[in-house]
Amino acid sequence: MEDVRAVCADKSRSGFTAEVKEILSKHGVEKLSEVNPAEYKALLAEVEVLGNAG
């Protein structure tokens, strides 16, 4: 959970707040604390690629 939180916070600070919120919404939640622990790995993979395209 702490790794996921750290990556999400870093991406938000880097200007990807809307995208992070969109990914959370895709997982059926509004807040990171509501994410099912079984989904952490998938969510982390989605958030980590933000800003890395190109």
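Let's start at Phe16, which touches Lys11, Leu50 and Gly51 once we leave aside residues up to four places away in sequence. Please keep in mind, everyone, that this is a predicted model. Phe16 sits in helix α1.

Now let me step back to the whole chain. How many helices and strands are there? The protein has two helices and zero strands. Its radius of gyration is 10 Å, close to the 10 Å that the globule rule gives for 54 residues, so the protein is as compact as a globular protein of that length. If you like to think in boxes, the C-alpha atoms fill one of roughly 30 × 20 × 20 Å along the principal axes.

On to the core. The largest nonpolar core has 14 residues, and the members that touch the most others are Val4, Cys8, Leu24, Leu32, Val35, Leu43 and Val47. Two helices, α1 (2–26) and α2 (40–48), each supply at least two residues of this core. Which one gives the largest share? That is α1, with six residues.

Let's stay with Val47 for a moment. Again leaving out residues up to four places away in sequence, Val47 touches Val7, Cys8, Lys11, Val20 and Ile23.

What about Ala45? Ala45 also belongs to our tour of helix α2. At 42% relative accessibility, Ala45 counts as partly exposed. Val7 turns up again here: Ala45 and Val7 are 38 residues apart in sequence, and 10.0 Å apart in space from C-alpha to C-alpha.

That brings me to contacts across the chain as a whole. Taking those between residues at least 6 apart in sequence, 58% join residues at least 24 apart.

Of the 54 residues, 30% count as buried. The protein exposes about 3,700 Å², and carbon and sulfur atoms supply 51% of that area.

Over to you for discussion.

Methods. Residues are numbered from 1 along each chain as its sequence is written. This is a predicted model: local features need pLDDT of at least 70, side-chain atom pairs count only at pLDDT 80 or more; totals for chains, interfaces and linings use all residues. Side-chain values use heavy atoms; hydrogens and water are left out. A nonpolar core is a set of buried Ala, Val, Leu, Ile, Met, Phe, Trp, Tyr and Cys residues joined through side-chain atoms within 4.5 Å. Buried means under 20% relative accessible area, exposed over 50%, partly exposed in between (1.4 Å probe, protein chains only). Helices (H or I, at least four residues) and strands (E, at least two) are DSSP runs, numbered from the N terminus. Contact means heavy atoms within 4.5 Å. The radius of gyration is taken over C-alpha atoms; the globule rule is 2.2 Å times the number of residues to the power 0.38. Accessible areas come from the Shrake-Rupley method with a 1.4 Å probe; for residues, only the protein chains shown count as cover.
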